[in-house]
Amino acid sequence: MHRRHAVHRPAPSSRCSLRSPLGELERGFLALAQGTEPLTFPAHLVCDDPDRAAWTVDRVRTHLAHPSTREELREQTWREVVRRARVLGEPWGAVAVAMTVPVLRRMLARLARPAHLERAEIEQEALAAVAAALRTVDLGGERLDRELFSAADRAVHRVVYAAHRRASREAGPAAAHLDHLCAALQADRGEPVDEFTVLARAVKARVVNVAEARLIARTRLDGEPMSLLAAERGVSVRQLYRHRRAAEEHLAAYLRGRVQEV
């Protein structure tokens, strides 16, 4: 008889929040392992000479990562974890995903992501990829864990690539015209003109307001993360992206006209 354990999964809205989906899952996992009725696993599957018949799932995960653990033991442990996730459902589905968290943390720490891409979004994509792979990996295959990690790696790189493409599209018109106008004004007047000066003139011309100019300056020119400004303004990151895109469309139209005038 397997007891039903409550487990805290990352909420769907965590994609747009500043909270860490990995952290949320880890807290739920540790609650399962360290509660009054901890979730356990047959110790002989992961250890040649266990000190007891069953280990808590966090101890199993630690032993899995230890270099002294034989490959055969690691294989059969992962196979049983994935089997339980498929056959028994929760909490074993969450446990199976949580078993990958230490490796996912190291993977994401090495990932070069654009500044505007939230870490929470990357973490959510990695976890979703692992959860999907749990349903499709071949239980008879070798190194099931590598299949799960590879699925996560592919997912996060797709997200990073898409973010780079999106940033290029969003920054394109306004950024290009801003650069051209600065260069044209400098050539025409023989004195340096920077982007902040052009933004100030756009505010004076009522093309953008002060808040919009500060948003563009802080995120585009100073490189501040959108998450910081979203938290300051009490809005979602996605909403702030939409706000900035609208402001930059007005700015691009204004800058096109100014470049032609110069």
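Is E71 buried, partly exposed or exposed? E71 is partly exposed, its relative accessible area being 33% (buried means under 20% relative accessible area, exposed over 50%, and partly exposed in between, with a 1.4 Å probe and protein chains only).

1. Basis of the note. The model is predicted: local features need pLDDT of at least 70, side-chain atom pairs count only at pLDDT 80 or more, and totals for chains, interfaces and linings use all residues. Residues are numbered from 1 along each chain as its sequence is written, and side-chain values use heavy atoms, with hydrogens and water left out.

2. Salt bridges. The structure contains 14 salt bridges (a side-chain nitrogen of Lys or Arg within 4 Å of a carboxyl oxygen of Asp or Glu). Side chains of opposite charge can pair when their charged atoms come close.

3. R143 and E71. These two residues form a salt bridge, with the closest N and O atoms 3.2 Å apart. R143 lies in the loop between helix 6 (119-134) and helix 7 (144-189), and E71 in helix 3 (residues 71-87), so the pair ties together parts that are 72 residues apart in sequence. Helices are DSSP runs of H or I with at least four residues, numbered from the N terminus. R143 is buried, at 17% relative accessibility.

4. E232 and R218. The closest N and O atoms of this salt bridge are 3.1 Å apart. Because E232 belongs to helix 10 (residues 226-233) and R218 to helix 9 (residues 210-221), the pair ties together parts that are 14 residues apart in sequence. R218 is partly exposed, at 22%.

5. R59 and D51. A salt bridge joins their side chains (3.1 Å, N to O). R59 is partly exposed at 34% relative accessibility, whereas D51 is exposed at 52%.

Methods:
Helices (H or I, at least four residues) and strands (E, at least two) are DSSP runs, numbered from the N terminus.
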